Amino acid sequence: MTKKIINLLILLPLGIILIVFCVANRQSATLALNPFRPEDQVLSLHAPLFVLLFVALILGMIVGAAVTWVNQGKHRKRARNQSREAVHWHAEADKHRSRAEQITGQLPSK
């Protein structure tokens, strides 16, 4: 319940600000990808400013997520190795437990 209230208090004003930003920046902007001839139409993109900013934001999030995923690879590998080792040791313990039960079953009772 508290999480919903906090999300509402944060996301609602953020959404309102985002909508106001989009409405205020509807004019067309040109993104030129040719640094030597910015007027070149082949390597330029005409779109509303808020669309260009959203695309930049989304690309930044994707690149950041990919970098984080690559950097955490060593931790995932270590977790996989430790999981395999834990399974191995559980199997070894079960084998020794069953062997101990066989030995205690063969001992003469007093």
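These are my notebook entries on a predicted model.

**Set-up.** I number residues from 1 along each chain as its sequence is written, and I leave out hydrogens and water, using heavy atoms for side-chain values. Since the model is predicted, I require pLDDT of at least 70 for local features and 80 or more for side-chain atom pairs, while totals for chains, interfaces and linings use all residues.

I looked up M1 and placed it in the segment before α1 (2–24); helices are DSSP runs of H or I with at least four residues, strands runs of E with at least two. M1 counts as exposed because its relative accessibility is 76%; exposed means over 50% relative accessible area, buried under 20%, with a 1.4 Å probe and protein chains only. T2 lies in helix α1 and is exposed too, at 56%. From T2 to P38 I noted 36 residues in sequence and 51 Å in space, C-alpha to C-alpha.

**N25.** I found N25 in the loop between α1 and β1 (28–32). At 14% relative accessibility, N25 is buried. Its side chain reaches the backbone oxygen of F21 at 3.0 Å. Setting aside neighbours within four places in sequence, I listed P48, L49 and F50 as contacts of N25 (heavy atoms within 4.5 Å).

I recorded 86% helix and 12% strand for residues 44–86, with the end C-alpha atoms 56 Å apart.

Notes
Polar contact = N/O pair within 3.5 Å; in protein donor to acceptor, adjacent residues only side chain to side chain.
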